[in-house]
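Dear colleague,

The structure we spoke about is below. My notes on it follow.

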Amino acid sequence: MRRAEETEALRYPEASGQPMIEYSVIVPVYQHWHLVPDLLKCLGAQTLPPERFEVILVDNLSPDFAPPAELPSNTRVLRCDQPGSYAARNLGAQHARGAWLIFTDADCLPAANWLEKHGAFAARQAAGTLVAGAVNIVSRSPKPSAWEIYDIVKGIPQEQYVRRGYAATANLAVPKAIFEMLGGFDGSRFSGGDADLCRRAGRAGHDIAFAKEARVDHRSRTTWEEIATKARRIKGGQLASGSAGRRRIWLIGTINPPVAGAWSFLKSTPHPLRHRLVAILVLFRVWIVGLREAVRLKAGGMAERR
């Protein structure tokens, strides 16, 4: 173990003579340092030996910057002065030693065999393939609130995303050589940078594949403020970034009521009917938040970064 404050100055360039390792787990952290100990506990329990991977925690101007006082020997902390999780991920990638960059978030809890399953799956794919693992939304309470129910029913349907050519960075592995060839994430984005990177990879001839067994759990959001903040951030990514044509498509989708989403929730049979109905009610409230955010952005407001 080493003290956290000692890690900010540590860098691992290949020129230093230190060997390359297999995986660099990169985690942007903004206002979630209190969740990092649980993440590190999961990473410390990996079936893959710790000398075969490193963990890079990248603080992104957190007002509550408070990394653990003691860090595992394969873990270090960097500070990113550019706002936005994609800028933080880019900084982590610049200092990564791994042949694979594996992205997750501070509120995720990787399964013990997460890295091992990623590696086994990637070995069966064509060279240069991106790998998206499963993301399972879990409740923190035996009696989840309406906000938790909404987050669980909505979920992060990674397999569905992969069929569309992208994946969420809650559980995404990218060969470092491909990441560098693509120029990394669009660091100016606060949302949607993962889809943008995956689509650019696809246009360059690099597919994305879904590894169901490489799983992370993702804590559900517990308050309306958390749900609304995420909705505003996603809307900013849709309407403030990308091509003019894609922004117009997103604007039309914002104006239309979420009937398709409600139908999808209703058909989500793994969840009790009451939960599905509650999620639909919250979905329409989230739609109203999106409408208001679209008006604010069109009036010149800044995109939400949280």
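How much accessible surface does the chain have, and what percentage of it belongs to carbon and sulfur atoms? The accessible surface comes to about 14,300 Å², and 56% of that belongs to carbon and sulfur atoms (Shrake-Rupley method, 1.4 Å probe; for residues, only the protein chains shown count as cover).

This is a predicted model, in which local features need pLDDT of at least 70 and side-chain atom pairs count only at pLDDT 80 or more, while totals for chains, interfaces and linings use all residues. Residues are numbered from 1 along each chain as its sequence is written, and side-chain values use heavy atoms, with hydrogens and water left out.

Overall dimensions: the C-alpha atoms fill a box of roughly 55 × 45 × 40 Å along the principal axes. Of the 306 residues, 52% are buried (under 20% relative accessible area, 1.4 Å probe, protein chains only). Taking contacts (heavy atoms within 4.5 Å) between residues at least 6 apart in sequence, 76% join residues at least 24 apart.

Secondary structure: there are 11 helices and 10 strands (DSSP runs numbered from the N terminus; helices are H or I of at least four residues, strands E of at least two). An open sheet of 8 strands runs in the order E5-E3-E2-E6-E9-E8-E10-E7, with mixed pairing (two strands pair if DSSP finds at least two bridges between them). E5 (75-79) and E7 (108-110) are the edge strands with a single partner strand each, so one side of each has no neighbour in the sheet. For E5, a parallel pairing with E3 (residues 53-59) spans 5 bridges, and Arg-76 in E5 is the bridge partner of Ile-56.

Regards

Conventions
Buried < 20%, exposed > 50% of the residue type's maximum accessible area, 1.4 Å probe, protein only.
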